[in-house]
Amino acid sequence: MNLNATIFAQIIVFGILVWFTMKYVWPPIAKALDERADKIAEGLAAAERGKSDFEQAEKKVAELLADGRSQVAELVANAEKRASQIVEDAKSHAAVEAARITAQAKADVEQEVNRAREGLREQVAVLAVKGAEAILRSEVNAAKHADLLSNLKQEL
């Protein structure tokens, strides 16, 4: 065996192996590697988009929370205003009702005072007639002296 022929045959076999590998083996491997690289790139891009979307969502949530807090504060302020208005309305209504009740009570008292005065006038008139009768020791006719008694009532 000749060493040069062996090396030459090995070079030819190696060349055929390289050609076969480059023609049939390497393109699917390169294609798989490129697809894998594309998938990784797409995954990284999706992760970046997800990260930016997440940051935007956090900002939007923060804005919504701030809006919600301001709306809650506004609602609380409106409720407090309404409550104070209701209290003021109740106070004014109570004052009006108290004034009405007081006026009614004064009118009732005035009526009772007038009734009591009338009753006292009648009692005084009866007592005056009895006193006059006792003094004169004679009977006084109430029908004859009705004018006298009514004048006496008016004076009392």
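A: Arg121 is partly exposed because its relative accessible area is 23%, and this class lies between buried, under 20%, and exposed, over 50% (1.4 Å probe, protein chains only). The model is predicted, so local features need pLDDT of at least 70 and side-chain atom pairs pLDDT 80 or more, while totals for chains, interfaces and linings use all residues. Residues are numbered from 1 along each chain as its sequence is written, and side-chain values use heavy atoms, leaving out hydrogens and water.

The partner of Arg121 is Glu118: their side chains meet in a salt bridge, with 3.3 Å from N to O. That term covers a side-chain nitrogen of Lys or Arg within 4 Å of a carboxyl oxygen of Asp or Glu. Glu118 is partly exposed too, because its relative accessible area is 37%. Both Glu118 and Arg121 belong to helix H1, where they are 3 residues apart, about one turn of the helix. Helices here are DSSP runs of H or I with at least four residues, strands are E runs of at least two, and numbering starts at the N terminus.

The whole structure has 4 salt bridges. Another of them joins Glu112 and Arg115, whose closest N and O atoms are 2.4 Å apart. These two also lie in helix H1, 3 residues apart, about one turn of the helix. Glu112 has a relative accessible area of 45%, so it is partly exposed.

A further salt bridge links Lys91 with Glu88, at 4.0 Å between the closest N and O atoms. Again both residues are in helix H1 and 3 residues apart, about one turn of the helix. Glu88 is partly exposed because its relative accessible area is 45%.

Of its 156 residues, 1% are buried.

Helix H1, residues 3-136, also holds Phe20 and Tyr24, 4 residues apart, about one turn of the helix. Phe20 is partly exposed, since its relative accessible area is 41%. Aromatic pairs are rings of Phe, Tyr and Trp (its six-membered ring) with centres within 6.5 Å; planes under 30 degrees apart are stacked, over 60 edge-to-face, the rest tilted. There are 2 such pairs. Trp19 and Tyr24 are edge-to-face, 6.2 Å centre to centre with 90° between the planes. Phe20 and Tyr24 have ring centres 5.2 Å apart and planes at 45°, so this pair is tilted. Together, Trp19, Phe20 and Tyr24 make one aromatic cluster.
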